[in-house]
Structure formats: structure tokens, C-alpha cells
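Here is a friendly briefing to read with the model open beside you. Take a look at the structure first, then follow the topics below.

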Amino acid sequence: MSLRSYREVFAAKGAVTLFATLMFARIPLVATGMVMTLHVVLGLKHGYAAAGFAAASVTIGVAVGSPLLGRVLDSAGLYKLLVVTAAAEAAFWGFAWMLPYGALLPAAFVSGVLALPVMSVGRQAVAALVPIAQRRSALSLDSISVELTYMIGPALGVWLCTTLSTNIAMIAVGAAMVLAAIALGVLNPSIRRGDEQVEEERPPRRTWLRGPIIGMFAIGIGAMFTLTGAELAAVAMLREGGEVGWTGLVVALMCVASATGGIIYGARPSGISPVILLLVLAGLTVPVGLAGHDWWVLAIVWFPSNLACAPTIATYNERVMALAPVQARGEAMGLAASANTLGLAIGQPLIGAVLDAAGPVWGFVASGTGGLLLAGAGGILQMSRGRDQTRGAPEVRPQIDAG
């Protein structure tokens, strides 16, 4: 393994500033779920089911809004997108703490539709920062950065809610979102490489939204389904064994595993198919529940599957960018984000039902099995490229080797 590729990424002009800005901008984003949950439970005095519906409202909104905002990014540019989404974030988080539960649900959905798209914009900016040959390493670093924000954001949200109040936490999230939008606006990163600045007409969606890229979306759904399901199963396992207090440490260790895998993968001279990576991630998740209830044993057994987490996400985004035409990349990345969100939205209630009916061991089995099935679906859709070409269908050529 050589770290030369990472040195080359950080040597790019503005790289350190971009990665630092994105990490700051994503911390409030990953804190929103925890803050919303605790506000409903502690602030509004409702149950966890009600909190789940509130979180689902935001999730569904994000799934609907991501491709729409991506299309706005393609046509109107980053600055106008930031103005609209920053205003929406300020309006929601600045006043949501005053809303009764009945009004919070539709407001949360609208806020999700107009949520600041830090993840997808950041990945496009990171990819535009370096030559295509270094894109894998750059996106691996981006995935590692996301893992770090997940170690910081939710914990910070819990601290604000429990030490100060959920109202203050809601306002703080909104203020941080606005500051993040301002920081991105000042930085104004390019979302396309200089040699990708094309003036050609936007190609019809039917010419690129075909089997191969839809297969990638199946991979995105499968990855998030497996990850969120396994996390829920781990919480249930630890709770069943009376060790729920170790949950934070176990999840943090899984973030370390993912970051480690990302570092190793990004330093490789060649990539690995996202189908294979998801098969590894999901396949190694299936038997985790057999580890038992001791937190340290669970962490050891769960560690190997999480080594594939950041590589899967990095390669997934890399391949979507490769398959989408430059003029529609924002919409494609928005759809990629929606696929991730859909995986979360499906995984949480489905694995939750499995946990209620059969217990945490089967929660891990169901999480991994779902990922394996979606990896298979993604692989089948990938093979449709050859059939389309045989029939004379138009082809969108990827800008990197499909590996």
C-alpha cells in the first residue's frame, strides 16, 4: 500500500481547505437525526415511535428533493442552490422548536426536500479537485471524512440536547447549517474539472438513466440497508445483554474500521467492483449476531464487515459519476443520494420488525441478506449494458475505467 496517492490529492490547490470546509459543513447534517429524535422525546414529550415518524418525514423529503436539487445545481449553479437551501434550513430550524408535533411532521418533510445537499455537492467538488486517475483516492478520503463527522455530530447533538436544551440544539443546528452554506459559498468550489466544462445541450434522461446506473442505485440502497440494519441489530443485541451503555464505543469502533478500510482502498492502484464490495460488506454482516452479547466480542466480529463500508460508498459514488453525463451529474448524484436515503428508509422499519419478531441475531441475518440480494440485482443490471449496445441503444461512456 502506497500513500503517494493521498499526498497527490492533498497537494492539489485548495484541497486542505475544501476537505476542512466539508467536514465542518457535514457535522450539523449528521447531527440532525439525533437532535430531531431527542427534541420529540424530551422536548415534546412524545414516544420513540413519534420520533421515528418525524425522522422519517425528513428522510422521505431528502429522497424526494435530492434529484430535484441536483437538477437545479446542473442548470443554475452552486451559488443559487446554496441561497435557496440555506434560507430553507434557517426557516425550519429557527422555528421548528416552537411547532407542535402535528405541524412539525409536514415542516420536517419540506425541510428534507430543501435540505442543504452537502454530501452530494461535496463529492462532486472533491472529484473535480483532482485528475480522474486520482478520483478514487479523493473519494476514499471523502468517505473517511464522513466517518469522522459521524463520530462527532451525533455525540455533539446529544450533548447540546441533554446539557442545554433541545430547543437550543435545534437553533444551533440551523445556525450551523447557515454557516456551512456561507462557507461553501465563499469557497465556491468547482463541481466540474476544467476539461469537463462543456456547453453541449443536456442529454435526455432516457439516454443515461439506464440499467448500469440503475444498478448502481441498487448498490446504494443495499449498502445503506445493510449498515442501518446492522446498527439497529447491534443496539438490540447490547440492550438484550444489559450492555447498551457501550453502544457509542462500539459504533465509534465501526467508524474506525470503515475509515481504515477507506485508507487501504484509496491507496490501491486499481479499484474493485462495487458489487463485490457490497457482497463482502453484506456477507460478513450475516453471522455477526452469533458473537453474543459481550460488547467487545461484538465489536471484534463486526469489525471486518465495516472495513468494506467506506470503500463501498466511495466506489459507488465514483461509478455513478463515471456513468452520468457531465451535464446531468448533479441530478445523477442527487439520485445516488436518494438511493442511499431509500436504503435507510426501508432498512429501519423492516429490520426493526425483524428485531421485534425474532431478536437481534436474525436482525443481522436480515440486514446482510438484504444487502446480498440488492448486490445481485445491481450486478444483473450492470450486465444490461452489453444488451443495450447489442440493440443499438445510445451509450453514455464512463469517464473512468469500470474496473
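Which residues in α10 meet which residues in α13? Ser258, Gly261, Gly262 and Tyr265 in α10 meet Cys309, Ala310, Pro311 and Thr315 in α13, where contact means heavy atoms within 4.5 Å. Please keep in mind that this is a predicted model, in which local features need pLDDT of at least 70 and side-chain atom pairs count only at pLDDT 80 or more, while totals for chains, interfaces and linings use all residues. Residues are numbered from 1 along each chain as its sequence is written, and side-chain values use heavy atoms, with hydrogens and water left out. Helices (H or I, at least four residues) and strands (E, at least two) are DSSP runs, numbered from the N terminus.

**Salt bridges**

- There are 5 salt bridges in the structure, each being a side-chain nitrogen of Lys or Arg within 4 Å of a carboxyl oxygen of Asp or Glu.
- Arginine 71 and glutamate 331 form a salt bridge, with their closest N and O atoms 2.9 Å apart. Because arginine 71 lies in helix α3 (residues 48-76) and glutamate 331 in helix α14 (residues 329-358), the pair ties together parts that are 260 residues apart in sequence.
- Glutamate 331 is buried, at 5% relative accessibility, whereas arginine 71 is partly exposed at 36%. Buried means under 20% relative accessible area, exposed over 50%, and partly exposed in between (1.4 Å probe, protein chains only).
- Glutamate 331 also forms a salt bridge with arginine 205, the closest N and O atoms being 2.8 Å apart. Arginine 205 sits in the loop between α8 (166-187) and α9 (211-240), so this pair ties together parts that are 126 residues apart in sequence.
- Glutamate 318 and arginine 136 meet in a salt bridge at 3.8 Å, N to O. Glutamate 318 lies in helix α13 (residues 309-323) and arginine 136 in helix α7 (residues 135-164), so the parts they tie together are 182 residues apart in sequence.
- Both glutamate 318 and arginine 136 are buried.
- A network of salt bridges links Arg26, Arg123 and Asp142.

**Helix α12 and its cover**

- The buried residues of α12 are Trp295, Val297, Leu298, Ala299, Trp302, Ser305 and Asn306.
- Among the elements covering these buried residues are α9, α10 (247-266), α11 (274-285), α13 and α15 (360-382).

**Positive phi angles in loops**

- Lysine 45 has a phi near 65 degrees, a positive value in a residue other than glycine. Lysine 45 belongs to the loop between α2 (15-43) and α3, and counts as exposed at 66% relative accessibility.
- Asparagine 188, which is not a glycine either, has a positive phi of about 45 degrees. Asparagine 188 is in the loop between α8 and α9 and is partly exposed, at 48% relative accessibility.
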